[in-house]
Amino acid sequence: MTTNDLGTNAASDQNVTTLEANLVHIEELTQRLLKVMSGTRKIPSALQGPSHELYMKAASGYMAEMMNNPAKLIEHQVEFWGKSVKHFVEAQHLLAQGKLSATSDETPKDRRFSHELWDTNPYFNYIKQQYLMNAAAVQQAVDHIDNLDSEEKKRLRYFSRQIVDMACPTNFLATNPEALALAAETEGESLIAGLENLIADLEANNGDLVVTLADKSAFRLGENLATTPGSVVFRNHMFELIQYAPTTEKVYETPLIIFPPWINKFYILDLKPQNSLIKWAVEQGYTVFVVSWVNPDESYKNTSMTNYIEDGYLTAINEVKRICNVKKVNAVGYCIAGTTLSLTLALLKQRKDTSINSATFFTTLTDFSDQGEVGVFLNDDFVDGIEQEVAQSGMLDSFFMSRTFSFLRSNDLIYGPAIKSYMMGKAPPAFDLLYWNGDGTNLPAKMSVEYLRGLCQKDLFATDGFEVCGTKVKLKDVNVPLCAIACETDHIAAWKSSYAGIQKMGSKDKTFILSESGHIAGIINPPAKRKYGHYTNPELGLSAEDWQDSADKHDGSWWPRWDSWLSGKSGKKVDARQPGDDTHPVLAAAPGTYVLSK
């Protein structure tokens, strides 16, 4: 035996010893895991998935189709069986020849299988191909069930896809070559780090499994996020009003007030200086105010949409008018805050109040006749469960909202991050957008039910009228000049539904802009990045499809186009205003105190 042999054996023994020690550590961590799992909250079954009635209808439909048109189903089955058996025979044939190589692969490209071993290793390639064949067969089976209405079909298609995505081989250690290779390379260290990440997430969320998407230690509000200089100049039980310091000597006379959604926190509009919409608007010469909503607890149980309008919108607008000594403001509403801005505008018309000079809507739904992809969660089976939950707790915990929106992009926001964190032991990235995404807020019980029942389900605002502040308001009563920005791939506020709502508003002066990308990236799209383009078309009488087909495509951000529109609604230039006045002393530096509440 040579010296080299002795060295190799010693190194091998050391690797085995390290691996054994790591496995013992894993056992210790497992006990910790079991302890924290014992404290997991009990989630109502109604919020775990659609009612069994949907699947029963689907099964009945499939059986009826099999009885009425057996030839079609047999054709589908034979096609699936043929592909599967052919693939198996090809794999066996290569093995019989002693060739450890993958078979021919005609399955579609899928970024979940980007690691080279999915293509080169015969075992993993076989698993990948069979999974994709099975997934296609499930989709085909769902597509050919004919006795479901369009809404049921959409829900069945969505939830069956969720089940198929959950069963993806990348989600399991034994069938994930990248995770297995890393575990072998690190003598099990990656598995230990992954288990530690899993336990940390469970302990941080009282036993609920919420995947950490971003390094929480990398960000501090007011230090490297939400850093645009400004001051809190008003505060009540619903919101803090932030006024931003000017950066120009002159500003437009009409101030701009932004209402962000209270489902999340306002600093999505002020992440970093280079992508801050707030900072950019200040630099264009606007006096910018932003509402920072309170993060409600159970004491806000009876807070309603009326409270958000009276104590939120109308109060904020009046305070801005007082601070700036003006009669009118320009207002922006983002997502649900845009919906509520529309309700406010319809109410103000009835009251003959002209405080709002113009309105801008970011990714806003007001016509809920087609709810888009998020509509799969708006049927009675889910909403009944939410109503029961908030009746007991007094609020809709941010956990439920976060989970719902994450499942709309489950591969990106659940499975992919979970694989990297729990299987591969990687630390989450220092990504500002994902940090914000994980900083959710609760919703008051009464407001949640009013929104889900009256607006989402019954579509009252666009039809018979939605009751708020003691009166019925209708979408057609929105009559101020308006600009709406929707996003082409928005999975929360489908752009065609947003367009339909704008069409029904009573305003004579309407501008509609369709941004590329989704609910967040399509809005937070600074000009300097030159990333996503946008579409415009003045003909708002067209169908959504025809509008887009005949629209003009523009490169780059829509922000400068909006600035051109907004500046024309903002009056003359006046001396720049510093935050607050004699009756509105500075209460805190931006980003304020409400935004810090967890």
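Here are some questions and answers about this predicted model.

User: What percentage of the contacts with a separation of 6 or more is between residues 24 or more positions apart?

Analyst: Take the contacts in the protein whose partners have a separation of 6 or more. Within that set, residues 24 or more positions apart account for 79%.

User: Are helices α5 and α6 roughly parallel or roughly antiparallel to each other?

Analyst: Helix α5 covers residues 122-143 and helix α6 covers residues 150-166, and their axes come within 10 Å. The axes cross at roughly 165 degrees. Angles over 145 degrees count as roughly antiparallel, so α5 and α6 are roughly antiparallel.

User: Which residues of α6 are met by α5, and how does the contact divide into nonpolar, polar and charged?

Analyst: From α5, the residues taking part are Tyr131, Ala135, Val138, Val142 and Asp143. In α6 they meet Lys153, Leu156, Arg157, Ser160, Val164 and Asp165. The residues of this contact divide into six nonpolar, one polar and four charged.

User: Is threonine 340 buried or exposed, and which residues does it touch?

Analyst: Threonine 340 sits in helix α11, residues 336-350. Its relative accessibility is 0%, and under 20% means buried, so threonine 340 counts as buried. Leaving aside residues up to four places away in sequence, threonine 340 touches Trp262, Met305, Ile309 and Tyr313.

User: How far apart in space are threonine 340 and threonine 364?

Analyst: In sequence, these two threonines are 24 residues apart. In space, C-alpha to C-alpha, the separation is 9.4 Å.

User: Lysine 352 and cysteine 469 each have a positive phi; which of them is buried and which is exposed?

Analyst: Most residues other than glycine have a negative phi. Lysine 352, with a phi of about 55 degrees, lies in the loop between α11 and β7, while cysteine 469, with phi near 55 degrees, is in the loop between β10 and β11. The relative accessible area is 75% for lysine 352 and 15% for cysteine 469. Lysine 352 is therefore exposed, and the buried one is cysteine 469.

User: Which residues are joined by a cis peptide bond?

Analyst: Most peptide bonds are trans. Here, a bond with omega of about 10 degrees is cis, and its proline is found in the segment after β17. The residues joined are alanine 590 and proline 591.

Terms used. Residues numbered from 1 in each chain as written. Predicted model: local features only at pLDDT ≥ 70, side-chain atom pairs only at ≥ 80, totals over all residues. Heavy atoms only, no water. Axes fitted to C-alpha atoms, helices over the stretch in contact; angles between N-to-C directions. Helix = DSSP H or I, 4+ residues; strand = E, 2+ residues; numbered from the N terminus. Parallel < 35°, antiparallel > 145°, perpendicular 65-115°, else oblique. Contact = heavy atoms within 4.5 Å. Nonpolar A, V, L, I, M, F, W, Y, C, P; charged D, E, K, R; others polar. Buried < 20%, exposed > 50% of the residue type's maximum accessible area, 1.4 Å probe, protein only.
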